[in-house]
Amino acid sequence: SALALPTERQYPVQVWYQAPLFFASTALIAALLLLAARATGTRLGFALSFGLLALATAVPFGCTTMVAEVAVAALMLFGFLEASATWQWLMGPGSWFATAYQLIGAVWLVALVFGAVRASGQRRWWAASPLTLLLVLVYAVPIGLFVR
């Protein structure tokens, strides 16, 4: 976390605030997307906006971060990987694997949010791009501060 919290204090709390944080961030950007759609004359309901954005944010997270971390945890659980060596590999110098799947997930998330913005009424890419950037920042800043 970017916050000055020791890992030992943050982790037990992170388990409980992560889901509400994702939900609140998705609801906030869905409301912003709804307002932007209305400004362009497009009729978009909150449920559709929320659904588009929930899919756009959950799929990359689930298919990159969660799959990779569950696989590593299972390999450690069954003794194929040693905990200290795995920790060094994921967090130590040259931690390319963890950085790579996080980066893939982030790029995928931006692409899907761009698609959600375009599907909601911002038909032209040049109009959808700034709104996509704003929505991704609204989503990523609190998560970046509190989660990773």
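This is a predicted model: local features need pLDDT of at least 70, side-chain atom pairs count only at pLDDT 80 or more; totals for chains, interfaces and linings use all residues.
1. Leu112 touches Leu55, Ala56, Val59 and Pro60, residues up to four places away in sequence not being counted; contact here means heavy atoms within 4.5 Å. Leu112 has its place in helix H4, helices (H or I, at least four residues) and strands (E, at least two) being DSSP runs numbered from the N terminus. Leu112 is partly exposed, its relative accessible area being 31%. The classes are buried under 20% relative accessible area, exposed over 50%, and partly exposed in between, with a 1.4 Å probe and protein chains only. Between the C-alpha atoms of Leu112 and Pro60, which are 52 residues apart along the chain, the separation is 8.6 Å.

2. Residues are numbered from 1 along each chain as its sequence is written, and side-chain values use heavy atoms, with hydrogens and water left out.

3. On the overall fold, the secondary structure of the chain comes to five helices and zero strands, giving the pattern α-α-α-α-α along the sequence. Taken along the principal axes, the C-alpha atoms fill a box of roughly 55 × 25 × 25 Å. Among contacts with a separation of 6 or more, 65% are accounted for by residues 24 or more positions apart.

4. On burial and surface, 32% of the 148 residues of the chain count as buried. The accessible surface of the chain comes to about 9200 Å², and 75% of this surface belongs to carbon and sulfur atoms. These areas come from the Shrake-Rupley method with a 1.4 Å probe; for residues, only the protein chains shown count as cover.

5. Helix H4 comprises 24 residues (96–119), which at 1.5 Å a residue should span 34 Å; its end C-alpha atoms are 34 Å apart, so the two values agree. The expected span is 1.5 Å times one less than the number of residues. The buried residues of H4 are Ala98, Tyr101, Gly105, Leu109, Val113, Ala116 and Val117. After H4 comes Gly121, with a positive phi near 130°.

6. The largest nonpolar core has 23 residues, of which Leu33, Leu53, Val113, Val117 and Leu135 touch the most other members. Helix H1 (7–39), H2, H4 and H5 each supply at least two residues of this core, and the largest share, eight residues, comes from H1. Apart from this core lies another of five residues, including Ala68, Val72, Ala98 and Tyr101. A nonpolar core is a set of buried Ala, Val, Leu, Ile, Met, Phe, Trp, Tyr and Cys residues joined through side-chain atoms within 4.5 Å. In soluble globular proteins, nonpolar side chains tend to be buried together.

7. Leaving aside neighbours within four places in sequence, Thr132 is in contact with Val110, Val113, Phe114 and Val117.

8. Ser95 is found in the loop between H3 and H4. This serine counts as buried because its relative accessible area is 18%. Ser95 touches Trp89 and Leu90, not counting residues up to four places away in sequence. Ser95 and Val138 are 43 residues apart in sequence and, C-alpha to C-alpha, 27 Å apart in space.

9. On the surface, Leu75, Leu77, Phe78 and Phe80 form a nonpolar patch with about 520 Å² of accessible area together. Patches are made of residues with over 30% relative accessible area and no salt bridge, like charges being joined within 9 Å and nonpolar side chains (Val, Leu, Ile, Met, Phe, Trp, Tyr) within 5 Å. A salt bridge is a side-chain nitrogen of Lys or Arg within 4 Å of a carboxyl oxygen of Asp or Glu. Phe78 is found in the loop between H2 and helix H3 (83–91) and is exposed, with a relative accessible area of 62%.
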